[in-house]
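Take a look at the sequence and the structure below. Then read on for a short tour.

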Amino acid sequence: MKKFLFAGLSAAVLAVCVSGASAQTQLNRNEIINSLQGAQQKVDVSADELQKAAFENIQKYPGANSPGNLPLWDKLASLRQFNVEITFDINSARIRPESYETIGLIADALHTPYLQGQTFFVVGHTSADGPRDFNLELSIKRAKSVRDALVTTFRVPGEYLEAVGLGEEQLRDPSKPDAQINRRVQLINVGYR
């Protein structure tokens, strides 16, 4: 009887672990480190300039869709970076509990000697589902939430993390503007500052 009870309990625990793990992209600390470390060219783009460019893009090209790349984005495209899915409550900057493991992996990577002392943009992106100005504001709040979680919960030094929200202004798959792939958080290594 004890064997059957233990086997049933083990199966239930395993089912909970597997279902929680499948909700989040499987990645590890080494993948993050390898994506973010390496020789960097000097890029003189600040988080404030990038944020301002996103607001200006909406004013310059009003309407439902962004015309494409932001002017400053090309300067950042060659830098070491990493995209990850962080889930949030709908239309909210509240990070879903299942994403804290992913944020913890990012923090572990940022605590390694390979990445310490370097500055990272934490960039929030949305899909084109909804008004552009709302998406931009939401992405700013979400980028700040991820930055705050890294700093407060995982003790990553805040002076090395700058939050930027781009909304739908830099879609990962412009041919499918409403697709899930466009909803992401991106870390960009902008080097030693």
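## The model and its confidence

This is a predicted model. The chain averages a pLDDT of 84. At least 70 is the score for 84% of the residues. Residues 1-25 fall below 50. That stretch has 9 contacts in the model beyond near neighbours in sequence. Where pLDDT is low, the predicted coordinates should not be read in detail.

## The chain as a whole

The chain has 6 helices and 4 strands. Their order along the sequence is α-α-α-α-β-α-β-α-β-β.

Of the 193 residues, 42% are buried. The accessible surface is about 10600 Å². Carbon and sulfur atoms hold 55% of that surface. Now take the contacts between residues at least 6 apart in sequence: 80% of them join residues at least 24 apart.

## The nonpolar cores

In soluble globular proteins, nonpolar side chains tend to be buried together. Here the largest nonpolar core has 25 residues. The members that touch the most other members are Ile32, Leu36, Ile86, Leu110, Val146, Leu150 and Val185. At least two core residues come from each of α2 (29-36), β1 (81-84), α5 (100-110), β2 (119-125), α6 (132-153) and β4 (184-191). The largest share is that of α5, with 6 residues.

A second, separate core holds 20 residues. Among them are Leu76, Leu136, Ile140 and Val164.

## Helix α2

Which residues of α2 are buried? They are Ile32, Ile33 and Leu36. Seen down the axis of α2, these buried residues fall within an arc of 100 degrees, so they line one face of the helix. An α-helix has 3.6 residues a turn, so residues three or four places apart point the same way. The cover over the buried residues of α2 includes β1, α5, β2 and β4.

Look at the two ends as well. Asn28 caps the N-terminal end of α2. A side-chain oxygen of Asn28 lies 2.9 Å from the backbone nitrogen of Asn30. After α2 comes Gly38, with a positive phi near 135 degrees.

## Helix α5

How many of the 11 residues of α5 are buried? The count is 8, and α5 is mostly covered. The buried residues are Thr102, Ile103, Gly104, Leu105, Ile106, Ala107, Ala109 and Leu110. Their cover includes α2, β1, β2, α6, β3 (161-167) and β4.

Leu110 belongs to the largest core. Leaving aside neighbours within four places in sequence, Leu110 is in contact with Leu36, Leu115, Gln116, Phe120, Leu150, Val156, Leu161 and Leu187.

Thr87 sits in the loop between β1 and α5. Is Thr87 buried or exposed? Its relative accessibility is 16%, so Thr87 counts as buried, because the cut-off for buried is under 20%. The side chain of Thr87 makes a polar contact with the side chain of Glu98, at 3.4 Å.

Ser145 lies in helix α6. Not counting residues up to four places away in sequence, Ser145 touches Phe88, Ala93 and Ile95. A polar atom of the Ser145 side chain lies 2.8 Å from the backbone oxygen of Ala93. Ser145 and Gly124 are 21 residues apart in sequence. In space, their C-alpha atoms are 9.7 Å apart.

Technical notes
Residues are numbered from 1 along each chain as its sequence is written. Side-chain values use heavy atoms; hydrogens and water are left out. Buried means under 20% relative accessible area, exposed over 50%, partly exposed in between (1.4 Å probe, protein chains only). Contact means heavy atoms within 4.5 Å. Accessible areas come from the Shrake-Rupley method with a 1.4 Å probe; for residues, only the protein chains shown count as cover. A nonpolar core is a set of buried Ala, Val, Leu, Ile, Met, Phe, Trp, Tyr and Cys residues joined through side-chain atoms within 4.5 Å. The arc is that of the directions from the helix axis to the C-beta atoms. A polar contact is a pair of N or O atoms within 3.5 Å; within protein, one must be able to donate a hydrogen and the other to accept it, and residues adjacent in sequence count only if both atoms are side-chain atoms. pLDDT is the predictor's confidence in each residue, from 0 to 100.
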